[in-house]
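Hi,

Here is the structure I promised to pass on to you.

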Amino acid sequence: EPVEVLVNESAKAVLGAKDARDSWTLRELEHPDQDPARAGECVMRHFHTASLAAFELDGQPLATIAAAALIRFLEETQLAGCPQLSGIRPFRRSDYLVLDRRAVRDLEVIESISASSTPPTLRSVLDRTRTSMGRRLLRTWLLRPLLDLSALRKRQDVVELLVDHSLERRALRESLGKIADLERILGRIRVFTVAPREVVNLGGSLAEIPGFLKHLATITGSNNPVREL
């Protein structure tokens with residue numbers, strides 16, 4: 001469900017005709033760079049790196065061109081450039097079970113097709129998150145089911161660990177309930193649009209982290225509980 005799609009002239013002609021029924025806003029880039037070498041220089045310059053290997057863009061000319069186009073667009077439209085864009089990583093469809101729009105709708109993963117006033121969906125049944133960040137992450141997980149067995153087992157191991165430590169889990173949930181949307185607050189700070197109330201919320205959220213990590217360490221038995229999970 002993208003809100004806006006950045007395209008070159010030829011792609012705009014294709015998408016405009018094919019997906020006119022969608023609510024996308026197609027924004028045509030004024031001078032998109034089609035040269036992979038120059039695009040690579042743009043990406044390395046922004047991230048202050050000497051190669052594209054860290055982003056797995058070596059030998060990926062189209063992905064490199066797309067990354068450079070996004071960086072240039074953000075630099076032109078954001079008041080403070082785009083320092084919040086601190087890294088990129090490839091999205092491989094082979095890592096996830098691909099659910100097209102019809103499958104997501106028919107399976108009622110996010111929204112229900114029922115006329116009921118409070119129809120259950122997979123997300124509504126599973127969503128017991130305490131933060132906006134967790135809510136967004138759960139939505140991403142539901143729309144991109146993992147295919148990697150090792151990653152699946154690791155996620156299941158974490159769930160089992162939390163289930164086996166009910167008291168600590170309750171304490172973790174209580175701490176999470178006091179944490180604001182740090183992702184959005186930090187994004188606003190980077191572009192100098194943060195409000196005073198958000199700064200106060202940031203301070204309160206940071207004050208919760210030591211206690212949160214203490215409870216987490218009790219569960220994992222590790223000096224670095226975040227890495228352990």
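**What I found**

Let's start with a pair of side chains: Asp-106 and Arg-105 meet in a salt bridge, with N and O 3.1 Å apart. Asp-106 counts as partly exposed because its relative accessibility is 39%. Arg-105 is also in the partly exposed class, at 45%. In general, side chains of opposite charge can pair when their charged atoms come close.

Before going further, please keep in mind that this is a predicted model. The average pLDDT over the chain is 87, and 93% of the residues score at least 70. Where is confidence lowest, and where is it highest? The lowest mean, 72, belongs to helix H1 (residues 9–18), while helix H6 (residues 132–143) has the highest, at 95. As a rule, where pLDDT is low, the predicted coordinates should not be read in detail.

**The overall picture**

The chain has eleven helices and two strands. Reading from the N terminus, the order of elements is β-α-β-α-α-α-α-α-α-α-α-α-α. Along the principal axes, the C-alpha atoms fill a box of roughly 55 × 45 × 40 Å. Of the 229 residues in the chain, 24% are buried. The accessible surface comes to about 15,900 Å², and carbon and sulfur atoms account for 55% of that. If you take the contacts between residues at least 6 apart in sequence, 53% of them join residues at least 24 apart.

Nonpolar side chains tend to be buried together in soluble globular proteins. Here the largest nonpolar core has 17 residues, and Val-43, Phe-47, Ile-71 and Leu-85 touch the most other members. Helix H2 (36–47) and helix H3 (61–77) each supply at least two residues of this core. The largest share, seven residues, comes from H3.

**A buried serine**

Next, find Ser-175 in helix H8 (residues 166–176). Is Ser-175 buried or exposed? Ser-175 counts as buried, because its relative accessibility is 8% and the cut-off for buried is under 20%. Leaving aside neighbours within four places in sequence, Ser-175 is in contact with Glu-208 and Phe-212.

How many salt bridges does a search of the whole structure find? The search finds ten. Besides the pair I opened with, here are some others to look up:

- Asp-127 and Arg-135 meet through their side chains, at 3.9 Å from N to O. Arg-135 is partly exposed, with a relative accessible area of 36%.
- Arg-188 forms a salt bridge with Glu-198, and their closest N and O atoms are 3.1 Å apart. Arg-188 lies in helix H9 (residues 182–190) and Glu-198 in helix H10 (residues 196–220), so this pair ties together parts that are ten residues apart in sequence. Arg-188 is partly exposed, with a relative accessible area of 38%, whereas Glu-198 is buried, at 18%.
- Arg-136, Asp-181, Glu-183 and Arg-184 are linked in a network of salt bridges.

**Two residues with positive phi**

Most residues other than glycine have a negative phi. His-48 is not a glycine, yet its phi is positive, near 55°. You'll find His-48 in the loop between H2 and H3. His-48 counts as exposed because its relative accessibility is 73%, and the cut-off for exposed is over 50%.

Glu-56 has a positive phi too, of about 55°, although it is not a glycine. Where is Glu-56 placed? Glu-56 is in the loop between H2 and H3. With a relative accessible area of 43%, Glu-56 is partly exposed.

**A nonpolar patch outside**

One last thing to look at: Leu-122, Val-125 and Leu-126 form a nonpolar patch on the surface. Together these residues have about 250 Å² of accessible area. Val-125 is found in helix H5 (residues 122–126).

Notes: Residues are numbered from 1 along each chain as its sequence is written. This is a predicted model: local features need pLDDT of at least 70, side-chain atom pairs count only at pLDDT 80 or more; totals for chains, interfaces and linings use all residues. Side-chain values use heavy atoms; hydrogens and water are left out. Patches are made of residues with over 30% relative accessible area and no salt bridge: like charges are joined within 9 Å, nonpolar side chains (Val, Leu, Ile, Met, Phe, Trp, Tyr) within 5 Å. Accessible areas come from the Shrake-Rupley method with a 1.4 Å probe; for residues, only the protein chains shown count as cover. A salt bridge is a side-chain nitrogen of Lys or Arg within 4 Å of a carboxyl oxygen of Asp or Glu. Helices (H or I, at least four residues) and strands (E, at least two) are DSSP runs, numbered from the N terminus. A nonpolar core is a set of buried Ala, Val, Leu, Ile, Met, Phe, Trp, Tyr and Cys residues joined through side-chain atoms within 4.5 Å. Buried means under 20% relative accessible area, exposed over 50%, partly exposed in between (1.4 Å probe, protein chains only). Contact means heavy atoms within 4.5 Å. pLDDT is the predictor's confidence in each residue, from 0 to 100.
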